[in-house]
Each structure stands twice: as structure tokens, then as C-alpha cells.
Amino acid sequence: MPRLNEWLIQVLQVGTVLVFGPLVTGVIARLEAIVQQRRGPRLLQPYYDIAKLFRKETVLPEGAGPVFRAAPYVAFAAYLTVPLLIPVLTTFPLQLGYMGDILGGGFILGLASFAVSLAAIDSGSPYAQLGSSRMRSFGALAEPTVIMVIFTVALITRTDLPYALVATLKGSAVEVLRPSHLLAAVAFFMVVVAETGRIPLENHGSTLEFGMIEEARVIEHSGPGFALLKWGSSMKQLILYVIFANVFVAPWGLAADPRLDHVLLAIGLLLVKALGIGLIVVAIESSFAKLRLYKIPEFTVASFLLAVLAVITFVFQHEFGGRLTVFGAFASVVAVTVLLLEFGMLRSQGVWEQLSLYAFASAAVGALAFAAAASSGNGDLYALGAVTIGFKALVVPLGIAFILRTLDVDLRVPSVIRAPSAVLLGMALAAFAFLMLSQLKVHVSGTLPVSALAVAVAVVLVAFLLMIVRPFAPSQLLGFLALENGVTLASLVIAPSLPLILALLLLFDVLVGVLVFVVLVQYFGLQRTAVTTDILQRLRG
């Protein structure tokens with residue numbers, strides 16, 4: 001099989017992003033239409049749109065200057081430059097691979113966005129200027145988030161060069177499953193969603209000017225300039241998907257040598273990864289509504305706080321807990337997932353969403369018990385997992401939902417403090433948990449990584465916070481049971497082979513659930529117009 005010249009592979013990296021960027025956009029649009037049960041556009045529709053725009057005449061707004069004319073070309077050139085610096089197809093560095101680190105690629109992408117924003121201002125259109133202002137305001141924390149994410153990965157891999165990052169992560173899969181790396185990956189994915197203008201931030205199918213952000217910035221462009229901006233937008237999306245997949249999450253499937261068949265296989269696997277990320281985006285866009293404009297900063301702040309928490313997690317968790325096992329990898333993912341779901345409960349202002357998040361978290365803990373049973377050979381843990389999923393993931397949420405449906409009450413969850421402040425306090429408590437356990441020496445005989453213990457303690461502290469800041473009876477019940485999820489995680493770290501401890505915890509969980517349900521039902525009998533626990537103060541004395 002022939003071997004390709006490195007300069008040719010460098011051109012292929014740029015060509016892959018250039019050619020397949022619109023295809024990924026078209027596939028995502030088509031999948032969204034299928035999921036939402038509508039006809040939708042053709043797969044190749046982005047190519048037809050770009051070709052049509054190239055044939056059209058350029059119409060300039062009155063008063064537009066040279067900045068407006070040059071912006072599409074500057075942005076497109078920036079999008080062509082970034083693939084030269086990142087591992088699109090190969091694990092080995094190409095001729096220009098060390099010309100810039102991952103931050104340099106981010107600065108080039110920022111230059112493209114800045115050029116488009118300047119063009120929007122130069123156009124004189126109020127809608128374009130409004131979109132530019134919103135983009136700069138809402139994206140103010142995107143750059144710090146990316147910096148913190150890169151800082152986290154650089155701490156883990158001891159480098160910020162993209163090809164070196166890939167080599168380090170490929171050489172040690174344990175690094176990918178560190179809790180700090182998982183938190184950083186989630187934070188970067190939120191940045192990807194924000195930078196590509198996807199729901200819950202922006203709706204690409206909307207024609208309402210007042211809700212536009214990214215689309216409003218280019219609303220005055222036409223002809224070939226508009227074609228370059230649309231093409232560049234698809235390329236930017238694929239570039240961010242490449243960075244997320246090949247650098248942060250799954251640096252496998254890249255060509256290890258310049259053989260033609262290996263490079264072609266890398267192109268195919270890259271498209272598979274990009275479409276896999278696209279499926280996740282489709283699921284998010286089809287499951288969530290667009291956020292109101294004043295809620296969008298909460299999304300970007302949450303991504304920044306997750307990135308900060310990732311740094312704190314790494315600083316106070318230097319050791320991962322020895323050799324990686326299947327159970328250890330699964331346990332790390334589950335522990336971080338449970339913590340993130342609990343942050344979702346803390347932010348949520350609807351009881352149905354809180355019930356769903358708690359059910360998913362309990363199901364994750366039950367799945368972890370099954371994995372612990374398979375790893376340790378302890379059959380009692382199978383019973384624990386089954387009861388956890390049956391009782392905490394099904395009976396409790398369905399029971400609370402049944403009670404609430406029979407009562408004529410307001411289902412909005414009140415809060416002592418605003419949701420962003422509550423999440424910030426939760427992040428601080430999680431950081432305190434990692435700091436508190438950083439010097440704790442725990443010698444475990446099981447296969448669960450010790451770093452999951454700090455995550456479990458963080459789950460307990462955040463559950464306490466949920467009970468304090470949400471004076472809503474169902475929320476406080478869920479907070480109490482979520483606390484037990486953290487205790488169960490901690491017990492699986494310290495004593496995975498002691499079924500008696502786990503059984504007692506489960507019995508305690510059932511007892512608390514029954515007692516709280518009794519209090520809840522008695523309270524509902526007294527007060528049917530609200531379910532806030534503040535009114536229980538009337539029973540005192």
C-alpha cells in the first residue's frame with residue numbers, strides 16, 4: 001500500500017474539514033427532522049445552498065465599509081488554518097503540527113468570530129448589531145471555560161500540544177476516565193453546543209429576529225460572502241467536533257503511519273465520530289426547549305464552573321487509584337454522572353425534571369452495584385442493585401408523581417436563593433469535598449478508584465444543600481434520598497465486599513422514605529394549595 005507524503009496528508013486534513021463540514025450539518029438537520037416527524041431538508045441541502053449563494057450577486061448594506069467586505073474571507077481563512085494544527089487524521093505530528101498549541105487554535109477561531117462581529121457592527125443593521133452584542137455578551141465565559149478545560153487536560157497530560165495530548169491519552173486510557181477529565185469534557189461539550197448555536201441556546205430553524213444570535217450576525221450578508229460564512233460555520237462545527245472527539249474524548253482511530261489505507265480509514269472513522277456527536281446534539285435539541293435570553297448566561301456560567309471544578313478535582317486528587325479495571329472505569333463515569341445529575345436537580349425549577357434526574361441518578365447507582373457484584377463476585381450486591389433500581393429509580397419517583405397529580409398544587413419548585421447562586425454554592429461544596437479528602441489515605445481492597453470517594457462526598461454535600469435551599473416537600477424528600485446515593489457510592493469505595501453495611505443502608509433508606517412519605521401525605525391533607533415546607537411552621541407550638 002503506498003505511503004503518502006506528510007504535506008499531502010496536511011492538505012487532506014484541511015480538505016476533510018472543507019468537504020465534509022456541510023455534510024455533517026446536513027445529516028444533523030435530516031436526523032432532527034426524522035426525530036421530530038417532519039419531512040426536513042435533503043442530506044446534501046447545505047451544498048446546494050452554498051452553490052446557489054456563490055451564483056448570486058453581492059448586495060452591500062448602505063454605509064458598509066471594507067471591514068464588512070473582508071470579514072467572510074478572514075473568517076474562512078481562519079477555519080482553513082485550524083485543521084493544520086490539530087490531529088484530524090493522524091496521531092503523528094505533521095509538518096505544521098507544532099506551529100501552535102491548542103490555545104493557538106482557539107485564538108484563531110476567536111479571530112474568525114471577532115471578524116464576523118465587526119462586520120455585523122459595520123453593516124449598520126440593528127438586528128446584526130444586536131446579534132453581535134448578544135454573541136459577545138453570552139460568549140464572555142466561553143473563552144475562560146476553554147482555557148480552564150485546556151489547563152485541566154494539560155495538568156493531566158503535562159502538555160498543551162494537540163498531538164502530544166493525543167499520544168498521552170492513547171498511551172494511558174486511565175487518563176481519559178479521571179473524574180477531572182470527565183468534568184472537563186462535559187464543560188467543553190457545553191462550549192461546543194454554545195459555539196455552534198444549538199438548542200438550548202439558539203434555534204437554527206427560527207425566523208424570529210429578536211431570538212437570533214449567530215444567525216443575526218450574518219443577516220446582512222449575501223452572495224459569495226454569505227456562502228463563505230455558511231460554509232465556514234459548518235467547518236467550525238466539524239472542527240469543534242474533531243477537537244472534542246480526537247483530543248479530549250476518543251483519540252483512537254487515527255492513522256499511526258502515512259499509509260493510504262490507514263489515512264482513508266481515519267477519514268471514515270472521523271465521520272463516524274462526528275455523526276455520533278451529532279446524534280447527541282439531535283437528542284438534546286429534540287428533548288429540550290430553547291432557553292430564554294436572560295437564562296443563557298446560566299448555561300455558560302455552568303460550563304465555566306464545571307471547568308473550574310475539574311481543575312480543583314485534579315489538584316486535590318493526584319492519584320487515580322492504581323491500575324485501571326473495567327469496574328474502575330465504569331465507577332468513575334457513574335460517580336461523575338451522579339454528581340452532574342445532582343447539580344441538575346439543584347438548578348431545576350420544575351418538580352417533574354427533578355424526579356427524572358433523581359430517577360436517572362438512582363438507576364446509575366444501581367448499575368454500579370451490578371458492576372461491583374460482577375467484579376467482586378459478591379451475589380448480595382445484585383440484590384442491592386435490583387432493589388435500588390426498583391425502589392429508588394421507579395417506586396419513589398412514580399409514587400411522588402402520583403401524589404402530586406392528585407393534588408391541585410403549584411408544581412414550580414421555590415428556592416431560597418436563585419438557581420445560579422445555588423449551583424455556585426454546590427460547586428464550592430464539591431471543591432471542599434475534594435480538599436477535605438485530598439490528604440485522606442484510604443486503603444481499599446476493591447476495584448473502585450479511590451478518587452470516586454471524593455465525588456461521593458460531594459454528592460452528599462450537594463444533597464444537603466438541595467434540602468436547605470428548596471423549601472418544597474418533594475424536593476427535600478428527593479434531596480434526602482439523593483444523599484443516600486452518595487453514601488452508597490462511598491460505601492462501594494470503602495467496603496464493596498461488605499453486604500451487611502450496604503443492606504443496612506438500604507433498610508435505612510426505605511425507612512426514611514416511608515417516614516417522609518407519611519409526613520408528606522399528612523401535610524397534603526392539611527394544606528392542598530401548596531407543598532412548600534414553610535407552611536409547616538404553623539404546626540409548631
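Author: A helix is a DSSP run of H or I with at least four residues, and a strand is a DSSP run of E with at least two; both are numbered from the N terminus. This is a predicted model, in which local features need pLDDT of at least 70 and side-chain atom pairs count only at pLDDT 80 or more, while totals for chains, interfaces and linings use all residues. Residues are numbered from 1 along each chain as its sequence is written, and side-chain values use heavy atoms, with hydrogens and water left out.

Reader: Where is T196 placed?

Author: T196 sits in the loop between helix 8 and helix 9 (214-217).

Reader: What makes T196 count as buried?

Author: Buried means under 20% relative accessible area, exposed means over 50%, and partly exposed is in between (1.4 Å probe, protein chains only). T196 has 11% relative accessibility, so T196 counts as buried.

Reader: Which backbone oxygen does the side chain of T196 reach at 2.7 Å?

Author: That of V192. The backbone oxygen of V193 also comes in, 3.4 Å from a polar atom of the T196 side chain. The test for a polar contact is a pair of N or O atoms within 3.5 Å; within protein, one must be able to donate a hydrogen and the other to accept it, and residues adjacent in sequence count only if both atoms are side-chain atoms.

Reader: Which side chain joins S117 in a polar contact?

Author: The side chain of R217, at 2.7 Å. S117 lies in helix 4 (residues 102-123). S117 has a relative accessible area of 3%, so S117 is buried.

Reader: Which residues does S117 touch, not counting those up to four places away in sequence?

Author: S132, R136 and R217. Touching here is contact, which means heavy atoms within 4.5 Å. Across the protein, 81% of contacts between residues at least 6 apart in sequence join residues at least 24 apart.

Reader: What makes a pair a salt bridge?

Author: A side-chain nitrogen of Lys or Arg must be within 4 Å of a carboxyl oxygen of Asp or Glu. By this rule there are 3 salt bridges.

Reader: How do you know that E195 forms a salt bridge with K236?

Author: Their closest N and O atoms are 3.2 Å apart. The limit is 4 Å, so the pair passes. This pair links distant parts of the chain: E195 is in helix 8 (residues 179-195), K236 is in helix 10 (residues 223-249), and they are 41 residues apart. K236 is buried, at a relative accessible area of 7%.

Reader: What makes K392 and E484 a salt bridge?

Author: The closest N and O atoms are 2.5 Å apart. K392 has 1% relative accessibility, so K392 counts as buried. E484 counts as buried as well, at 8%.

Reader: Why is R259 called partly exposed?

Author: Its relative accessible area is 29%, so R259 falls between the 20% and 50% limits. D261 is partly exposed too, at 25%. The side chains of R259 and D261 meet in a salt bridge, 2.8 Å from N to O.

Reader: Which residues form the nonpolar patch on the surface?

Author: V67, F114, L118 and I121, with about 340 Å² of accessible area together. Patches take residues with over 30% relative accessible area and no salt bridge; like charges are joined within 9 Å, and nonpolar side chains (Val, Leu, Ile, Met, Phe, Trp, Tyr) within 5 Å. Areas come from the Shrake-Rupley method with a 1.4 Å probe, and for residues only the protein chains shown count as cover. F114 has a relative accessible area of 45%, so F114 is over the 30% limit. F114 is found in helix 4. Helix 4 gives the most to this patch, with 3 residues.

Reader: How many helices and strands does the protein have?

Author: There are 19 helices and 0 strands. Of the 541 residues, 53% are buried.

Reader: Which element has the lowest mean pLDDT?

Author: Helix 19 (residues 499-526), at 58, while helix 2 (residues 45-55) has the highest, at 92. pLDDT is the predictor's confidence in each residue, from 0 to 100. The protein's mean is 78, and 82% of its residues reach 70 or more. Where pLDDT is low, the predicted coordinates should not be read in detail.
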